[in-house]
Amino acid sequence: MQRIPEEKIDEIRSQVDIVDVVGNYVQLKKQGRNYTGLCPFHGEKTPSFSVSPEKQIFHCFGCGKGGNVFSFLMQIDGLSFVESVKKVADLAHIPLDVAISQGDSSPGNKPDSRESKMIEIHQLASKLYHYLLMETEEGQEALQYLLDRGMSEQELDHFEIGFAPAHASTVTTFLKKREVDLALAVESGLLTERDDGEVVDRFRNRIMFPIKNDRGQLVGFSGRLFNQEDGPKYLNSPETPIFNKRNILYHFSDARQEIRKKEEILLLEGYMDVISSVSATFSNGVASMGTSLTEEHVQMIRRVTNRAIICYDGDRAGIEASFKAGTMLAEQHRLEVFVLQLPNGKDPDDFIRSEGAEKFAEIYTHQRLTWTAFKLQFFKRNRNLQNETDKIAYLGEALAEIGKLDQAVERELYLKQLGSEFDLSMEALKQQLQQTVVVKPKPHDYGGPPPESYGEYPSYEGDGGPVYEQFSFVQPSGVPSAGLTSEKRLLKYMLEDRDAFIQIRNLLEEHQTDFYHDNYKALYTHLIGFYASGNDANPLALMDQLKDDMARNLVSELEMMTVNTDVSIEEYQDYVQSLTKSSIERDIKEKEQALLTATQQGDMPAALELARTITTMRATMKNTPN
C-alpha cells in the first residue's frame with residue numbers, strides 16, 4: 001500500500017504556521033502566548049477558541065474540538081487526511097505527488113483510482129454540457145428558458161448549469177474521442193447500457209445541474225425537463241461508488257463557509273431555490289436531492305452549525321415536509337430550528353424572482369417562526385376551531401408542545417398568545433399545563449459516570465476494539481476531582497516525554513491501577529501503540545494517526561494545559577496513588593449501595609459480608625498515601 005512518508009508529513013507540517021491557516025477562517029486576536037477567536041465549529045458570542053503557535057495546535061474550550069493544522073482543515077473543509085496534507089503542501093509550495101480520491105480518510109491510504117477517474121469523467125461531461133448550453137444553437141431553447149425564468153448568465157456560469165441534447169450519443173462520442181473507459185462511465189452513472197449492449201447517454205434533452213459532494217468533487221448530475229412532459233421532471237444520477245443522495249446536499253461544499261459565518265444553514269427544496277437564494281446574498285442555502293432530509297444530511301449539518309432555517313415550498317406538501325424536517329432536526333437532534341413561510345404559498349425561487357431580494361431578506365431576518373410557533377400553526381391546519389371538539393383537541397396539542405419548553409419566559413409568551421386567541425385565563429391555561437408537562441431526563445442519565453470532556457463516548461463491542469458513538473461530553477461542574485486531575489496530568493506528561501511514559505506505565509502496573517474515564521483510557525491505549533511503533537514523543541504526529549475526533553480533541557486539550565516541567569518520579573507516584581485511592585472510593589460507594597439493597601431485602605448474611613468488605617476497603621484507603 002502506497003503511503004505518504006512520515007518524514008514528508010512532518011516536513012509539510014513544519015513549513016506552515018497553523019495561525020496563518022486558521023486565520024483564513026477565523027478572526028484571531030493575540031492574547032498572551034496564544035491567539036483567540038470565535039469558534040468556527042459552534043455558535044458563540046464570547047471567544048473560547050484558542051490557537052497555540054508554539055505547539056501548532058488549536059483547541060476550543062467551549063465545544064472541545066481540537067487538533068493540528070491537518071485535522072483543522074479536515075473538520076472545517078470536510079477533507080480527508082490526504083486532501084488536508086495536499087492542501088497544506090500547496091500552501092507551503094512543497095511538491096506532493098499524491099492523487100486525491102473521495103473516501104481517502106487516513107494517513108497514506110492509496111486512493112481508489114476508479115473513483116478518481118469517475119470524478120474526472122463527470123468534470124469532462126460538465127464542461128461539455130455547459131458549453132452546449134451557452135455556446136451552441138442546439139442549447140438555445142434551454143438557455144432562453146432559463147433566462148426567461150430570471151436567471152442571469154453569471155448565475156449559469158457560477159453554478160455550471162448545462163444542457164444535454166436529445167441525441168443518444170453526444171456524451172458517449174465525446175468521451176470515446178478522449179479515450180475514456182466507457183465501462184467506467186457506465187459504472188459512474190453518466191452513461192447507460194441498453195439491452196443489446198450499446199452504450200448511450202443517460203441524460204437527454206434536459207437542463208443539467210452538476211452535483212458536488214461535501215468536498216466539492218463533482219460526483220453526479222440532475223437533469224430537468226423543460227419543454228416536454230414525457231418522463232420525470234428531474235432525473236438524478238443513479239447510486240454509484242461516488243454518488244448517493246442520502247449523503248449529498250446540493251451546494252453544501254460551496255455554502256460551508258457562509259453557513260459558519262452566519263452560524264445557520266438555510267434548507268431549501270430545489271436547485272432553483274438555492275440559485276435564487278445565492279443571488280439574494282443568502283449563500284448559506286442548500287437543498288436535498290429530491291428526498292426527505294436523512295440522518296446523513298443531519299450529521300453533515302451538525303458539523304458546521306447548530307441552527308437551521310427551513311424554507312420549503314408554501315404548498316401543502318412543502319408545509320408537511322417542513323414539519324417532518326423540523327421534527328428530525330429539533331426534536332431528534334436538538335438543533336435550533338426556525339421556519340420561513342412565504343406569502344401566497346410561493347416557493348423561494350418564485351418569491352425572490354417576483355418580489356425581490358430585499359423582501360426575502362426582510363422575511364428571513366424578521367418574520368421567521370420559532371419551531372414552537374410553527375408547530376402551533378401546523379396543528380391548526382386540519383381543525384375547525386369553531387367546533388368545540390376540535391378546539392379542545394388543538395389546545396391539548398398546543399399545551400403539550402408548550403410544556404416541552406425549557407424557558408419559563410417562552411412558556412409564558414405562548415400561553416398569553418393562546419389565552420388571547422381563545423379568550424382563556426392564564427390561570428386556567430397554567431393549571432392545564434401542569435398536567436401536561438413532561439419531566440425531561442438529565443443530560444447524564446445514561447447509566448454511567450458523568451463524562452469529563454467533550455467528544456465521543458467509547459463503548460466496547462466484541463473483539464473489534466472501541467466503537468465510538470456520538471456523545472456530547474460536558475465538563476463536570478465545580479472543582480475537578482483529585483482522580484480526574486491526576487489522570488489529566490499523567491497523560492500530559494506521557495504525551496510529551498517517552499521516558500515519562502515508560503516510568504508512569506511501570507507505576508500503573510506496579511500499583512495494579514488504570515485510568516478510570518473511558519476517553520482517557522482510550523488515549524492511553526493509543527499511546528501504548530504509538531510508542532511501541534518506535535515513535536518519539538510527538539503530539540502532532542500522534543494526532544495524525546488518531547482516527548476519531550474524541551482522541552484528537554483530548555490531545556489538544558491536554559496540550560493546552562500548563563504543568564510543571566521539572567517533575568520527579570515521586571510526583572508521578574503521587575498521581576498514580578491518587579488514581580488508586582479514587583478507584584477504592586468508587587468501589588466503596590458501590591458496596592455501600594449493595595449493602596443498602598441487601599439490608600432492605602432482609603439478606604443479613606450478604607449484608608454482614610458487605611459490611612466487613614467495606615471496613616477492610618476503608619482501612620486500605622486510609623493507608624494509601626495522599
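Which exposed residues does the face of helix 21 turned away from its buried side carry?

**Entry 1: the model.** I noted that this is a predicted model, in which local features need pLDDT of at least 70 and side-chain atom pairs count only at pLDDT 80 or more, while totals for chains, interfaces and linings use all residues. Residues are numbered from 1 along each chain as its sequence is written, and side-chain values use heavy atoms, with hydrogens and water left out.

**Entry 2: helix 21.** I looked up the opening question and found Asp499 and Glu510 on that face; exposed means over 50% relative accessible area, buried under 20%, and partly exposed in between, with a 1.4 Å probe and protein chains only. Helices are DSSP runs of H or I with at least four residues, strands are runs of E with at least two, and both are numbered from the N terminus. The buried residues of helix 21 include Ala500, Phe501, Ile504, Leu507 and Leu508. These residues cover an arc of only 135 degrees around the axis, so they lie on the same side of helix 21; the arc is taken from the directions from the helix axis to the C-beta atoms. I recalled that an α-helix has 3.6 residues a turn, so residues three or four places apart point the same way.

I then checked the length of helix 21 (residues 498–510): its 13 residues should span 18 Å at 1.5 Å a residue, and its end C-alpha atoms are 18 Å apart, which agrees. The expected span is 1.5 Å times one less than the number of residues. At the start of helix 21, a side-chain oxygen of Asp497 comes to within 2.8 Å of the backbone nitrogen of Asp499. Just after the helix, Gln512 has a positive phi of about 50 degrees.

Entry 3: Strand 1 (residues 29–31) and strand 2 run antiparallel and are joined by 3 bridges; two strands pair if DSSP finds at least two bridges between them. The hairpin of these strands has 2 residues between them, and Gly32 there takes a positive phi near 65 degrees. Strand 2 also pairs with strand 3 (residues 49–52) in the antiparallel sense, over 3 bridges. Tyr35 stands opposite Val51 in strand 3.

**Entry 4: Thr36.** Thr36 is the bridge partner of Lys29.

Technical notes: A polar contact is a pair of N or O atoms within 3.5 Å; within protein, one must be able to donate a hydrogen and the other to accept it, and residues adjacent in sequence count only if both atoms are side-chain atoms.
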